[in-house]
Amino acid sequence: MGLGRPFFLAIGLLAAGAFAADHRVQPRATRDHPSFSLRAHALTDGAILASYSRAGTAAKPTLVLVPETHGDRTQFQERTFLENLPADLPLVIIESRGQGRSWPPPAPAQATIERYASDVLEVVAQHGLANWIIGGHSLGGMIAIEVAGRRPAGLRGVVALEGWVHSRVQRQAFPTAARTEAQMAEARAQREERYRSQRWTQEEAAALPRAWIAWESGERILRETSYPVLSVWGDRGQPRPARDRLLLPPRPGIELAWISGADHYVTDPLFAAETARAVARFVGRVAAAPHPSGNPLSPLMLAGDWVPVRPHEIDFDALPKIPSRHAIVSDVRAAGGHRVNQHNYLVHHAGRFWAMWSDGPGESRGPGRVPGHDRADQHVSFATSDDGLRWTAIENMTGQPDPGYGWIARGFWEREGKLLALASRYEAPGYHGPGLSLHAFELASISPPKWRHAGLVFDDAINNFSPKLLPSGEWMMSRRDGATKVHNLVGGVRAIDDWASFPVVVPAGSAFRPEEPNWWVLPDGKNLVSLFRDNGSSGYLFRAFSTDNGRTWTEPVRTNFPDAKSKFSDVRLRDGRYVLVSNPHPKRRDPLTLAVSDDGVVFHTMGWLAGGRHVDYPHVIEHGDSLYIAFATAKMTVEVLQVRVADLAGIRNAGK
């Protein structure tokens, strides 16, 4: 190819430093490792990237690896490297444009770290990874840092193996000793053979050094990132440079690991075992159980040997059936979609069960389809029951709303021995926009039941579930305003209208669209966890933690718990376990399932409650030896399931 000497000097200075005596840049790989499966990925611009995946344990994050500039899959399929990674660690190796089986090479204008990072994210999305770590060597390490700067869903951490934060790291941390003409000629010959075997043009090859020099984002990304980072370097057999010469911020989450005697090529056989062990230790720490302060960015929420790497692949219809008794409180399906019943809530108070729901006109969209809802003239209805299965006649709780307005049921609140029912007043159609306010109705008489308006609770607010007590003794509930922004309301002690509102912060540019949050106190009795439905396209629940009674929260992280963009409900059982009732199928609100957790953070079993139709918006409570779960069919019924708590022990997911 006749590439000139200045080009290879740039390669040597920026990419490699002093070459290991036994390191050789090999021609394009022709052999495959038997434990990896090949997959081709068509990118949005028509390029084809190859990836190689090895299956592992679903509870562990997938380690995504990007080879060096002239590398391909063989760099990370090297026996010594693989043998020192956990055998059950899922792996994906992505060959960059023009490397290995990926084609074509990047056009000169495409040869940027930013373009390479976008390629990786496209491949990760096609793999459907919900829990992953990005890593790479040399150029691949720089790509990994750039990927972290995009804050992609499911990312857990970053591994940069001699990945420069900026091109000046080479000259200030590892000034290169002069090399002989023979050494430089050997370097040229190796790279010319690589480019020849990969069919790169001279212009394509010459563009790569410019990519390293032009990249300016690394320092900012590492200063700002909240991801744990492992930065691995060879010490060249010399005194190790100070951390600041590597441009690594003095942040505890950025770990620096040195490989004794290694040069730039820390994955070569001589050093691969030590490098892989450092990576394995880092992955183990990242994969540790989520913790409010120690590991808040962990996406792990569903675990067990029955959970696939891609939880969307769970066969939700084949989940173990949970025994239950069933009752219908109200059913307006005969109206053909011209009436709706939705937003079901339960409570047990004064010796009986109480149910409330939104009851109003609907707009039919055809048989069996969910009607248009939250229209004008909607009110809140209620009924009572002695046993949770046989219900009284339906009565109107709120009365008819003002013309053009409606009421939405928002749940029961037992406060100072009194029973309050919350309802949001809205200007139809829908609750978005002006005219939104949250009100309370007080149970004034039990027999016969009568309700009276108790006053405004908070203006410009619709909650999700009723207030619950914080460890501080205050009440807290979620709030969505008319602009659909999510907050938490804290207070409610001195009066029902005494609240402070704290916004839930979503990073700028995030695709996450929080909706209908819920929260509970963790077993330590002081920290909180909150879950969010995502109205974006993730198909998973998001989670955040608070260590200050809901004033501030960690960044919401996409978990690996699948979700249909639907409301969910929780209860902590008297025995200390946590139950979550939700629609986990990512494409439809069918079935309704129940999941169990011992610690309130990671759920280990999941069973089927109801399905074969559109079932949604559950509310679960515990009373006596049973759970009572209210839900709706296509927003046209109020139904209740009674599930014995003892029967939860019978959930046996396949693979357990």
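This is a predicted model: local features need pLDDT of at least 70, side-chain atom pairs count only at pLDDT 80 or more; totals for chains, interfaces and linings use all residues.

Reader: Which residues of α10 are buried?

Author: The buried residues are F271, A272, A273, T275, A276, A278, V279, A280, F282, V283 and V286.

Reader: And what covers the buried residues of α10?

Author: The cover includes the strands β3 (62–66), β5 (132–137), β6 (155–161), β7 (229–234) and β8 (254–259), together with helix α3 (79–83).

Reader: Turning to the nonpolar cores, how many residues has the largest one?

Author: The largest nonpolar core has 52 residues, and W132, I134 and I143 have the most contacts inside it. Apart from that core lies another of 29 residues, with L82, L230, A272 and V286 among them.

Reader: What is I134 in contact with, beyond its neighbours within four places in sequence?

Author: I134 is in contact with V64, V66, V120, A144, V147, L155, G157, V158 and V159.

Reader: A change of topic: is S546 buried or exposed?

Author: S546 is found in strand β24, residues 540–546. S546 counts as buried because its relative accessibility is 0%, under the 20% cut-off.

Reader: Which backbone atoms does the side chain of S546 reach?

Author: The side chain of S546 reaches the backbone nitrogen of G550 at 2.9 Å and the backbone oxygen of T552 at 2.9 Å. Leaving aside neighbours within four places in sequence, S546 is in contact with N527, L528, R551, T552 and W553.

Conventions. Residues are numbered from 1 along each chain as its sequence is written. Side-chain values use heavy atoms; hydrogens and water are left out. Helices (H or I, at least four residues) and strands (E, at least two) are DSSP runs, numbered from the N terminus. Buried means under 20% relative accessible area, exposed over 50%, partly exposed in between (1.4 Å probe, protein chains only). A polar contact is a pair of N or O atoms within 3.5 Å; within protein, one must be able to donate a hydrogen and the other to accept it, and residues adjacent in sequence count only if both atoms are side-chain atoms. Contact means heavy atoms within 4.5 Å. A nonpolar core is a set of buried Ala, Val, Leu, Ile, Met, Phe, Trp, Tyr and Cys residues joined through side-chain atoms within 4.5 Å.
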